[in-house]
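Here is my note on the model, point by point. Please read it with the structure open.

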Amino acid sequence: MHTLPPALLLLGPTASGKTASALALAEHMPIEIISVDSALVFRDMDIGSAKPSAAEQAVCPHHLIDILSPEEAYSAAKFRDDALRLMAQITARSRLPVLAGGTMLYFKALREGLSELPQADAELRAHIDADARQFGWPAMHAALARLDPDAAASLSPNDAQRIQRALEIVRLTGRPLAESYARREMAAPPYRFVGIALAPTDRSVLHQRIEARFDAMLAAGFLDEVRTLRAKYALTLEMPSMRCVGYRQAWEHLDGLTDATTFRDKGIAATRQLAKRQLTWQRKFVEDWGELSVVPCDDETVVSKTVDTARRLLALC
């Protein structure tokens, strides 16, 4: 038997069944869910983020949902601090922390610790954003490639958020990104992590789910949600909330830059790209961590298989 208390990690790409699986776990064991999702932290971003409904959140306690205005920013460092604090509280209540979501950087930060990276520099970021507005993010990607070819090679030329941060770090530190990330805090959390990774065996099935869910979001009023957000808050496309998949594409459509068909196609394509990145992270976790059990998510059995796997793994703790 292990002396450390368990914490269950439930990760997977978008539309893989994480929410349904986490809620099913609540029927079999005393759990509290900690959201590992960089979009769910924002208030009033419900439809486009596929946020669990009020009824779903009532099944068991949920944490790190609706904690920030869309005008604010959240970070992996803040997530780690919040998650560890909540995990300790949940364990003290003799309940199991279930960390469920698809923001893989947050899982990595929680388990492996954080790199010693410089704090955000508002003035430098403003310069980078101004250059990006003038020249475009592919040009900023090219600028990063001149400073740090390895970092640029790992990023898409249109991945604005990561290009911005990479440029910021390289310019502030004067050293390659990989060297900065190698300076790592390795304080291990006082938990035994039990991990389940949901993964498709047929990528086309996940793509069909993504398309169907995006259409369901549109039918539920996603564009009206973004209209309301723009009216209620002082938002810009550079803010992390509006960089979330779907929201950027909706913003461009509302500005008249795309027609309805193009907006839908771009939204679905961006979501598929997100899923691809999530799966790349996840495969690396499976290779490196060892304790992750992979559950196929191609059909409705994903929920029962996840519950069975969790119960089996937790019985070994």
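How are α4 and α13 oriented to each other: roughly parallel or roughly antiparallel?

1. Basis. This is a predicted model, in which local features need pLDDT of at least 70, side-chain atom pairs count only at pLDDT 80 or more, and totals for chains, interfaces and linings use all residues. Residues are numbered from 1 along each chain as its sequence is written, and side-chain values use heavy atoms, with hydrogens and water left out.

2. Domains. The chain splits into domain 1 (6-114 + 186-316) and domain 2 (122-182). These bounds come from an automatic or database domain assignment. Taken over C-alpha atoms, the centres of domain 1 and domain 2 lie 26 Å apart.

3. The sheet. An open sheet of 6 strands runs in the order β3-β2-β4-β1-β5-β6, with parallel pairing. β3 (62-63) and β6 are the edge strands; each has a single partner, so one side of each lacks a neighbour in the sheet. Strands here are DSSP E runs of at least two residues, helices are H or I runs of at least four, and both are numbered from the N terminus. Two strands pair if DSSP finds at least two bridges between them.

4. Strand pairing. β1 (residues 6-11) is joined to β5 by 6 bridges, in parallel. Here L11 has A197 of β5 as its bridge partner. β1 also pairs with β4 (residues 96-101) in the parallel sense, over 4 bridges. L8 stands opposite V98 in β4. β5 (residues 192-199) is mostly covered, with 7 of its 8 residues buried. Buried means under 20% relative accessible area, exposed over 50%, and partly exposed in between (1.4 Å probe, protein chains only).

5. The α4/α13 pair. Helix α4 (residues 104-112) packs on helix α13 (residues 260-289) at about 25°, with the axes 10 Å apart. The two helices are therefore roughly parallel to each other. Angles under 35 degrees count as roughly parallel, over 145 as roughly antiparallel, 65 to 115 as roughly perpendicular, and the rest as oblique. Axes are lines fitted to C-alpha atoms, for helices over the stretch in contact; angles run from 0 to 180 degrees between N-to-C directions. α4 and α13 make a left-handed crossing. A crossing is left-handed if the near helix is turned anticlockwise from the far one by less than a right angle, and right-handed if clockwise. From α4, the contact uses M104, L105, F107, K108, R111 and E112; from α13, Q278, W281, Q282, F285 and W289. Contact means heavy atoms within 4.5 Å.

6. The α1/α14 pair. How do α1 and α14 lie to each other? Helix α1 (residues 18-25) and helix α14 (residues 302-315) pack at about 50°, with axes 9 Å apart. They are therefore oblique to each other. α1 passes α14 in a right-handed crossing. A20, S21, A24 and L25 of α1 meet V302, V303, T306, V307 and A310 of α14.

7. D44. This residue sits in the loop between β2 and α2 (54-57). D44 counts as partly exposed because its relative accessibility is 30%. D44 touches K51, D66, E225, L229, K232 and Y233, not counting residues up to four places away in sequence. D44 and D255 are 211 residues apart along the chain, and their C-alpha atoms are separated by 20 Å.
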